[in-house]
Amino acid sequence: MTKTPLQFRHNGRDVAVFVDGGVNLLVALREGIGDMTPKFGCGQGGCGACSVLIDGELHLSCLTLAESANGRSIQTLDGLKDGPNLHPLQRAFMEQFAAQCGYCTPGMLMAAKALLDRNPSPTRAEVVEAISGNICRCTGYEPIINAVLAAASGGRARA
Amino acid sequence: MPVTVKTFGSTGEAASALSSDRSARYLGGGTLVMRALNEGDISISTVVRATDQALSRIDVTSSRITIGAGVTFAKILAERELAFLHAPARSIGGPAVRNMGTVGGNLFAPNPYGDFTVALLALDATVSVQGGLGARDLPIEEFLQSRERQSGALVLAVSCQRPATADAFRYRKIARIKPKGGSVITLAAHLPVSSGRISGARIALGSMAAMQIRARAAERALEGRALDDAAINAAAAVAAEGVSPTDNALGSAWYRREIVGVHLRRLLSGLE
Ligand SMILES: Cc1cc2nc3c(=O)[nH]c(=O)nc-3n(C[C@H](O)[C@H](O)[C@H](O)COP(=O)(O)OP(=O)(O)OC[C@H]3O[C@@H](n4cnc5c(N)ncnc54)[C@H](O)[C@@H]3O)c2cc1C
Ligand code: FES
Ligand code: FES
């Protein structure tokens, strides 16, 4: 089976990778270019662990055909920090104990970033809605919601 | 197993590729197709895509609105002119699913999905389909009844009349997990009023049969009457007539029959 070439922007850098026909973007990111920050949880759209931003919009990479990412801009957790500086959301997650096992955290952070990019000062209900596609088995969600609100009210969310 | 991905610029080419290959599946947002591929569904060996911009167009210039099959729920939510469709669009999945899932894909989504289609059925939508031999329009009810046979055809768009008033169209989805979750029952009602009486009532139900159906007995109970307590009670009393729900993890068939009248009463009374 021939492989298909794929080119996209990954956290601000142009990358090229060959993929098998029909594979999802999560596989292309993890196995193709070695970005392990999006997690594989269910492969069915149910958990949100694989969430990434495509052209700034929250998408599930496990349900995105890799080839449909051609020429688009993909942001993953790997691109969230600014050099050695954590993103305000990452800092808030640490300060608020919003991660336990940490498996859901990359997806939660991307869902939260998608929200704050659009709405820098969300209400609590808006935060709940924004992370409603992401499952966390450990935290009970409250610390995550508080962390997103803390990052937002700090006014430190950036584009 | 690797599949062949075929991307076409025109819907005509995509439609012929679909109709000439039984193992080809059209990829809309992919929320169901990719799930099948991830699970190793070997019945799909070709994935067909179309990049034609017309598929993601919304036309709201007249009293009739047309929505391209590739329009996502997020795009509907961003369109003020489509406010009457915001409740059904918002009731689907989480934010990522709404950014990806399309109106066209929803027409094929099996239970417990297909919520948007319930709204379209109550609105008496028309489905524009392109087959190998050309394009045609068919009423949504006819489309749904022949859905299994439509698999080789490409849906181009859906269109419907805009409800005359905000109150004339109502939607309600009963789910156990909020804010997202599969449907226990989904209800939509279009109740046009003329001289104080309902004329042309349409009530559609989701998760109450193998596909979205109309509650015809309830429609008859409302027809020609004012939307008062007596009419609402009469409609609620016959809401379960003609339904054939099945048991699933979200609710039993028995439960669905028991509660459909309750929720229809609430929908018609405008209760939360
Ligand atoms: C986590 C999760 C939650 C969900 N929650 C809901 C929910 O609450 N309510 C709900 O209704 N749905 C829900 N869904 C199901 C699904 O996301 C939606 O029904 C969506 O509308 C499907 O559209 P799609 O474009 O992603 O479909 P796809 O996966 O692209 O396609 C689905 C089917 O439709 C066919 N198809 C798609 N577009 C066309 C076209 N233009 N012409 C011909 N055939 C076409 C495909 O070939 C395939 O058979 C959920 C899915 C997931 C993964
Ligand atoms: S791995 Fe994508 S949603 Fe679970
Ligand atoms: S911290 Fe373990 S799943 Fe969320």
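Predicted model: local features only at pLDDT ≥ 70, side-chain atom pairs only at ≥ 80, totals over all residues.

User: How are helices α10 and α11 of chain B oriented to each other?
Analyst: In chain B, helix α10 covers residues 229-237 and helix α11 covers residues 253-269, and the two pack with their axes 8 Å apart at an angle of about 150°. Angles over 145 degrees count as roughly antiparallel. The two helices, α10(B) and α11(B), are therefore roughly antiparallel to each other.

User: Which residues of α10(B) make the contact with α11(B)?
Analyst: The crossing in which α10(B) passes α11(B) is right-handed. On the side of α11(B), the contact is made by Gly261(B), Leu264(B), Arg265(B), Leu268(B) and Ser269(B), while on the side of α10(B) it is made by Ile232(B), Asn233(B), Ala235(B) and Ala236(B).

User: How many nonpolar residues does the contact of α10(B) with α11(B) have?
Analyst: Among the residues that make this contact are Ile232(B) of α10(B) and Leu264(B) of α11(B). Sorted by class, the contact of α10(B) with α11(B) has 3 polar and 1 charged residues, and its nonpolar residues number 5.

User: How are α2(A) and α3(A) oriented to each other?
Analyst: The axes of α2(A) and α3(A) are 10 Å apart, and the helices pack at an angle of about 125°. Angles of 65 to 115 degrees count as roughly perpendicular and those over 145 as roughly antiparallel, with the rest, apart from those under 35, taken as oblique. The helices α2(A) and α3(A) are therefore oblique to each other.

User: Which residues in α2(A) meet α3(A)?
Analyst: The crossing of α2(A) and α3(A) is right-handed. In α3(A), the residues met are Thr105(A), Met108(A), Leu109(A), Ala112(A), Lys113(A) and Leu116(A), and their counterparts in α2(A) are Leu89(A), Gln90(A) and Phe93(A).

User: Against which helices do the buried residues of α2(A) pack?
Analyst: Helix α2 of chain A runs over residues 88-95, and its buried residues are Pro88(A), Leu89(A), Gln90(A), Ala92(A) and Phe93(A). In chain A, the buried residues of α2(A) pack against α3 (105-118) and α5 (142-153).

User: How many residues apart in sequence are the parts that Lys3(A) and Asp20(A) tie together?
Analyst: Lys3(A) and Asp20(A) form a salt bridge, with their closest N and O atoms 3.5 Å apart. In chain A, Lys3(A) lies in the segment before β1 (4-10) and Asp20(A) in the loop between β2 (13-19) and α1 (25-33), so the pair ties together parts whose separation in sequence is 17 residues.

User: Is Lys3(A) exposed, partly exposed or buried?
Analyst: The partner of Lys3(A) in the salt bridge is Asp20(A), and Asp20(A) is partly exposed at a relative accessible area of 27%. Buried means under 20% and exposed over 50%. Lys3(A) has 48% relative accessibility, so it counts as partly exposed.

User: Is Arg170(B) buried or exposed?
Analyst: Arg170(B) forms a salt bridge with Asp167(B), the closest N and O atoms being 3.2 Å apart. Asp167(B) counts as exposed, since its relative accessibility is 53%. The relative accessible area of Arg170(B) is 13%, and Arg170(B) is therefore buried.

User: Which residues are joined into one network by salt bridges that share partners?
Analyst: The side chains of Glu219(B) and Arg214(B) meet in a salt bridge at 2.8 Å, N to O, and both Glu219(B) and Arg214(B) are buried. Salt bridges that share partners join into one network Asp124(B), Glu141(B), Arg202(B), Arg214(B), Arg216(B) and Glu219(B).

User: Which residue just after α7(B) takes a positive phi?
Analyst: Helix α7 of chain B, residues 115-122, is mostly covered, with 8 of its 8 residues buried. Just after α7(B), a positive phi of about 55° is taken by Asp124(B).

User: How far apart in space are Ile213(B) and Gly251(B)?
Analyst: Ile213(B) lies in strand β14 of chain B, residues 213-214, and at 18% relative accessibility Ile213(B) counts as buried. Ile213(B) and Gly251(B) are 38 residues apart in sequence, and their C-alpha to C-alpha distance in space is 18 Å.

Key:
Residues numbered from 1 in each chain as written. Chains lettered and ligands numbered in written order. Heavy atoms only, no water. Axes fitted to C-alpha atoms, helices over the stretch in contact; angles between N-to-C directions. Helix = DSSP H or I, 4+ residues; strand = E, 2+ residues; numbered from the N terminus. Left-handed = near helix turned anticlockwise from the far one by under 90°. Contact = heavy atoms within 4.5 Å. Nonpolar A, V, L, I, M, F, W, Y, C, P; charged D, E, K, R; others polar. Salt bridge = Lys/Arg side-chain N within 4 Å of Asp/Glu carboxyl O. Buried < 20%, exposed > 50% of the residue type's maximum accessible area, 1.4 Å probe, protein only.
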